[in-house]
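Hi,

Here is the structure I promised to pass on to you. Have a look at it first, and then read on for what turned up in it.

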Amino acid sequence: MSDHLFFEQLIEKYSNELVLISDEQGFIKHVKGALQSVNFNFEDLIGLQISNLIVEKDSPFIHPLLNRCNQEVVGLLKYTKAQQIAIQSHIYYEDKNSLYVIYIKPTSSFYSEKKGLEQIKIFYENLLNNLPVDVVVFSPDHKYLYINKIALSDEKKRNWLIGKTDQEYAEKFQLAPSHIKGRKETFRKVIETGNLIEYEEEFKGKYKNGSSKWLLRHFKPIYNSLGEIEFVLGFGLDISDRKKAEIETLKNLEKQKELIQLKNKFVSTISHEFRTPLATIRGSIDLLTMFLEKNQIKHPKINQFIVNVNNEVFNLNNLLNEVLMIGRHDVSLTPVNFTNGNLLELIKKIVAQNFPYLDNRKITVISKTPNHAIQFDPKLMFHVLSNILSNAVKYSQKDIIVVLKEYKKVTTVTIEDFGIGIPEHEQSKLFNSFYRASNSINYQGTGLGLVIVKNFIELHQGKIELVSQLNVGTKFKITIPNNQ
Ligand code: ADP
């Protein structure tokens, strides 16, 4: 059977006013029928691309056609360069022969073709004018093709602008050279890259109070079926409120930063200033003790006073050290020096050095795995472990067990005591500055130790966990990676 005959048979199946048959690529192979009141030889359409012929709302009749099968598509049929008609079309796919059969009729039986077109135009005009966004359409050479009312409310100006370039517009309305340049550059980039580009435009002192108006502009290239940019859609949003809020937030952040810096500086200056009188008090106490000994003055009350002063000086000194350490950490000034080291050796050293005399109790250090060198900062880890150990010593009267375990990637240290424990509902707050559990009131402390411990462990990318039961005991577990 000839192609022609075969096509005709196919059409009879779907008979309608105008029927087109296209191959899989969308090229028209056969045409039958005509459209009411359109005086045109539709045979001339053979060989054309369907996506060039039928234009949907805002984009060409898109590939793959298969996506549009068995649904009503409303659009325009461009049957000559200058003429088009509003149509409804239906596409069927002929599986067996891989052909599309597209049947077409004028948009609505209620309107003439011309009216139909006008209706579509009015509908979209209305839509565009009622969007709370300014919308413009440019030709690829940056000429205005369409402007909605939000973009330019003055109708005279709008009409004048159609067909003019953005440069002509900018000159006529005396836009600042920076605006002209910015828009031109951005438009050029859109055409060059073929991508949507957003940019912010500031109109200085636009509002009565002297503040700026900000617009977030977009240029979006719209392509035809041949992959060429047919026009560029421009739309802009007024983002002045957002911009103002952003500027305000930035200002506040800056202020906050300044305040934090001021606070840190203040705290560390004060702490330093306290150190000198403290050293003088300590020195004077030593001199006083020596004087009393030399002159053999012995009085239990005097001795007790001296012990009290010494204790308080010691506590105050500790507090200053911790405050200074926290202040340093806040401004991220804690230097971290990772070296290869043996954690077991470090723990043993701390126990020997810091807790040589414990009455009737001991600290047992157990290592269950071979100890290889791992990476940590010895100074920071010294501080971490001695702090947790001194808490264990302070808050319990029984033996303390330290267990070191080395895994493939991490090493853990658990420090367990059998002392006063921590009330469950308070456990989550222990890592807040100055927080002390309610049952530790009668013990000396600052509530800063664990904050520093946590910070130092985090500098090792590690973590600290605790398990505790009131009047039973507390277990802290530190985990750090073997390699930093
Ligand atoms: P402090 O100087 O008060 O000991 P830390 O920051 O080291 O400060 O600890 C915070 C609080 O956590 C302590 O005040 C105490 O209430 C509780 N705490 C810490 N370790 C223990 C422990 N081993 N046993 C019981 N309570 C503990």
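This is a predicted model: local features need pLDDT of at least 70, side-chain atom pairs count only at pLDDT 80 or more; totals for chains, interfaces and linings use all residues.

**The ligand site**

With those labels, the shell around the ligand draws at least two residues from each of α10, α11 (449–459) and β18 (473–481). Of these, α10 gives the most, with four residues. In total, 22 residues surround the ligand, and the closest are Asn391, Tyr395, Arg436, Thr446 and Leu450. The ligand sits in the second largest pocket.

- Asp417 places a polar side-chain atom 2.9 Å from a nitrogen atom of the ligand.
- Gly449 has a polar backbone atom 3.1 Å from an oxygen atom of the ligand.
- Leu450 has a polar backbone atom 2.7 Å from an oxygen atom of the ligand.

How much of the ligand does the protein bury? Of the 520 Å² that the ligand exposes when taken alone, the protein buries 98%.

**Helix α10**

This helix covers residues 378–394, 17 residues in all, and spans 23 Å from its first C-alpha to its last, close to the 24 Å expected at 1.5 Å a residue. At its start, a side-chain oxygen of Asp377 comes to within 2.9 Å of the backbone nitrogen of Lys379. Why is α10 described as largely enclosed by the rest of the structure? Because twelve of its 17 residues are buried, meaning under 20% relative accessible area. Among the buried ones are His383, Asn387 and Asn391; Asn391 is also one of the closest residues to the ligand.

His142 is in the loop between β7 (134–138) and β8, and Asn471 is in the loop between β17 (463–469) and β18. Are they buried or exposed? His142 is buried, with a relative accessible area of 9%, whereas Asn471 is exposed, at 64%.

Asn148 is buried, with a relative accessible area of 0%, and its side chain reaches the backbone nitrogen of Ala151 at 3.0 Å.

Happy to talk any of this through.

Best wishes

Terms used
Residues are numbered from 1 along each chain as its sequence is written. Side-chain values use heavy atoms; hydrogens and water are left out. The expected span of a helix is 1.5 Å times one less than its number of residues. Buried means under 20% relative accessible area, exposed over 50%, partly exposed in between (1.4 Å probe, protein chains only). A polar contact is a pair of N or O atoms within 3.5 Å; within protein, one must be able to donate a hydrogen and the other to accept it, and residues adjacent in sequence count only if both atoms are side-chain atoms. A residue is near a molecule or strand if one of its heavy atoms lies within 4 Å of it. Accessible areas come from the Shrake-Rupley method with a 1.4 Å probe; for residues, only the protein chains shown count as cover. On a 1 Å grid over the protein atoms alone, a cavity is a set of points where a 1.4 Å probe fits but cannot get out, and a pocket is an open set with protein on both sides within 12 Å along at least five of seven lines; lining residues have an atom within 4 Å of a point. A molecule sits in a cavity or pocket if more than half of its atoms lie within 2 Å of its grid points.
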